[in-house]
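The following exercises concern one protein model and the way its parts meet. Each task is followed by a worked solution.

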Amino acid sequence: MSLDRTKIVDEAVALLDAEGLDGVTLRKLAARLGVQAPTLYWHLPNKAALVTAIAEAIVPDPTPAAPDQPWQEWLTDFALQLRAALLAHPDGARVVSMAQLSRQTAAWSELAMSTLADRGIPLHNARIIVLTVERFTVGHALEEQSPRPDTADFDLEQYRAAYPVSMRAITEYFTPGRDVDDLFRDCLEVVVEGASVIARQ
């Protein structure tokens, strides 16, 4: 079969969706493509290059801000779009956090910092704000995608007795029907409100 980088990366994303990041190996990818692993080295020399290529495939182009859109509103949408992209694939957050040389993730940072700077925020502050929002978003998604702990021997009542305030806070938050999406939005609101203070400095 004719093999090019696009076909390889598409199949790598399919492998990620099927087996998660731990199941993504050059050997398995080669088998799915019907070739020998060394054939892939012409396109992707190692696992790090493969992970970076996957990251660039699963992260879409960011949406630019409208001319009159408040930067706080746009930055919130920016984080929501990024989180959705990460959660669309198993271990998406792990993939992106490992792909430190990805041009696609760099494009997100470039657009975000440019957007804030164009609205009068000093570049130093814009960079801090963008890094904070990006790392909060990736970290939150990473926790969401982490394997759930084995609770077979977990004593909930003992835990509740040891940490009553924390357990009451969790219960009060989620009891009205809130879910993890609401939690992300509420935490993000705190981050963006804090960013507004930094932006004025």
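**Exercise 1.** How many salt bridges does the rule find across the interface of domain 1 and domain 2?

*Solution.* The model is a predicted one, in which local features need pLDDT of at least 70 and side-chain atom pairs count only at pLDDT 80 or more, while totals for chains, interfaces and linings use all residues. Residues are numbered from 1 along each chain as its sequence is written, and side-chain values use heavy atoms, with hydrogens and water left out.

Step 1. State the criterion: a salt bridge is a side-chain nitrogen of Lys or Arg within 4 Å of a carboxyl oxygen of Asp or Glu.

Step 2. Apply it to the interface: the rule finds one salt bridge between domain 1 and domain 2.

Step 3. Consider Arg-94 and Asp-22: their side chains form a salt bridge, with an N to O distance of 3.2 Å.

**Exercise 2.** Determine where the two domains lie in the sequence and describe the interface between them.

*Solution.* Step 1. The domain assignment places domain 1 at 5-58 and domain 2 at 71-199; such bounds come from an automatic or database assignment.

Step 1. Taken over C-alpha atoms, the centres of the two domains are 28 Å apart.

Step 2. Counting contacts (heavy atoms within 4.5 Å), 12 residues of domain 1 touch 14 residues of domain 2.

Step 3. The buried area, meaning the accessible area (1.4 Å probe) that two parts lose on being put together, summed over both, is about 1100 Å² for this pair of domains. Carbon and sulfur atoms give 67% of that area. On the side of domain 1, Leu-21, Glu-56 and Ile-58 lose the most area to domain 2, together 46% of what that side buries.

**Exercise 3.** Which helix gives the most residues to the side of domain 1 that touches domain 2?

*Solution.* Step 1. Helices are DSSP runs (H or I, at least four residues) and strands likewise (E, at least two), numbered from the N terminus. The protein chain has 11 helices and zero strands.

Step 1. Both α1 (5-19) and α4 (47-58) supply at least two residues of the side of domain 1 that touches domain 2.

Step 2. Helix α4 gives the most, with six residues.
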